[in-house]
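Me: I would like to learn how to read a few features of a protein model. Please take them one at a time.

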Amino acid sequence: MTAKHIHLAAHFPGVNNTTVWSDPEAGSHIEFSSFVKLAQTAERAKFDFFFLAEGLRLREQNGEIYDLDVVGRPDTFAVLSALAAVTDRLGLAGTINSTFNEPFEVARQFASLDHLSAGRAAWNVVTSWDAFTGENFRRGGFLPQDQRYSRAETFLRTAWELFDSWRGDELLADKESGRFLADGGGFAHHDAHFDISGRFPVPRSPQGRPVTIQAGDSEEGREFAAATADAIFTRHGTLEAGQAFYSDVKGRLAKYGRSPHELVVLPAATFVLGDTDAEAHELAHEVRLQQVSEQTAIKFLEQLWNTDLSDHDPNGPLPAFDPVVGDLISKGRASVRMHRDPIATAHDWRQLAEAKHLSSRELIIEVTGRQNFIGSAETVAAAMNELVQADASDGFILVPHVTPGGLDQFADQVVPRLQERGVFREDYSGPTLRDHLGLG
């Protein structure tokens, strides 16, 4: 059996506490030079794409800005358009919200980006989940989950209609006849969400449509991805959880007339490299201590317990009382949604802390970690390849803990070992992101 090829993307962390901003090697999260550095490293290593998340509002906790996260998220289209000028093959993926935007505007921006980049644009379609974020927008508020995904799917399909309103053969530029343009760009869409008609001003772009990425993990999100997405961004990266997620989402494709290869599954992952496995594990421990300081551990506890824990000892046991159920003190953090039953989650955390003799801070370090690849370059390459060949994923979106230079060591040491195994490209085979991902 032919080995699967691994897909790799580079995530510019932005608004989060994954990045160790206090590291001596860390740089700005808003200066253009930082974006250029990470993107050009990813392209040098022949990665599929560069990925930008989205931060529509600064998070708050106890009514104050949550200043333990890194803050930096300039406009997505401005950054990606600028990067198109300083890269040649690397895909450029941006997260754009379907709750607070309009299909015409977003389609025009992505079609323009696809032209500017010669076919390298990708759209991570997301929905907004809270009224707190919605306050920044004219409509305010937010939609219930079922309506969010209903709007998102209609939004995406409406954008597709706009992209497809140009066939691609309308630009004649016939100097002899003097005719420049054949008729094109007409659209009309009328439903419960959108009532628009007119002519789309951007001719058909190199990919026709940008690559579509989806990041939801709910039942609605998985179904949305199976129906519409080219790639899905997931947090399920370990062998057992990854295989279950992979099988589930790929198994949904047939009902939409799609084949398994038409959806690329890409979990997020971090990495720590060392000359030896032992050295890498020592470094990884230090990184996690930097990422989850005593102060950060308290903030994470407050997000579950939903109350002020500023007097709690982070090096002592978990709070003895149950979480407070009610209005959330943490605003703008999608991760809080994972605590669907805070009391049950607190019970599970207590059991884990007791079994492993963990302090509050040690427990938070344990439960908030991403999929991690830790070891020598050879060990990390082998571990990545094992997961991909076992159908736990099709590749990984890598999140360095130092920005912007944190990808360099991976590019220089791990990528050559994946190439030696014959599971990662030596060079790009085509000009577009669809070529990189093996999509039609």
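Reply: We go through a helix pair, a sheet and an aromatic pair in this predicted model.

Me: How is a pair of packed helices described?

Reply: Two packed helices are described by the angle between their axes and the distance between the axes. Here helix H3 (residues 103-116) and helix H5 (residues 145-163) have axes that come within 9 Å and cross at roughly 55 degrees. H3 and H5 are therefore oblique to each other. Their crossing is right-handed.

Me: Which residues of H3 and H5 meet?

Reply: From H3 there are Pro103, Phe104, Val106, Ala107, Phe110 and Ala111; they meet Phe155, Thr158, Ala159, Leu162 and Phe163 in H5. By class, this contact has 10 nonpolar residues, one polar and no charged ones.

Me: What is the strand order of the open sheet of three strands?

Reply: The order is E4-E3-E14, and the pairing is antiparallel. Strand E4 (64-65) and strand E14 (330-331) are the edge strands, each pairing on one side only. Strand E3 (residues 60-61) is joined to E4 by two bridges, and Glu60 stands opposite Ile65 in E4.

Me: How are aromatic pairs read?

Reply: A pair of aromatic rings is described by the distance of the centres and the angle of the planes. This structure holds 16 aromatic pairs. One of them is formed by Phe47 and Phe410, at 6.1 Å centre to centre with 85 degrees between the planes, which is edge-to-face.

Me: Where do Phe47 and Phe410 lie?

Reply: Phe47 is in the loop between helix H1 (32-44) and strand E2 (49-52), while Phe410 is in helix H13 (residues 408-420), so the pair ties together parts that are 363 residues apart in sequence.

Conventions: Residues numbered from 1 in each chain as written. Predicted model: local features only at pLDDT ≥ 70, side-chain atom pairs only at ≥ 80, totals over all residues. Heavy atoms only, no water. Axes fitted to C-alpha atoms, helices over the stretch in contact; angles between N-to-C directions. Helix = DSSP H or I, 4+ residues; strand = E, 2+ residues; numbered from the N terminus. Parallel < 35°, antiparallel > 145°, perpendicular 65-115°, else oblique. Left-handed = near helix turned anticlockwise from the far one by under 90°. Contact = heavy atoms within 4.5 Å. Nonpolar A, V, L, I, M, F, W, Y, C, P; charged D, E, K, R; others polar. Pairing = 2+ DSSP bridges. Phe/Tyr/Trp six-rings, centres within 6.5 Å; stacked < 30°, edge-to-face > 60°.
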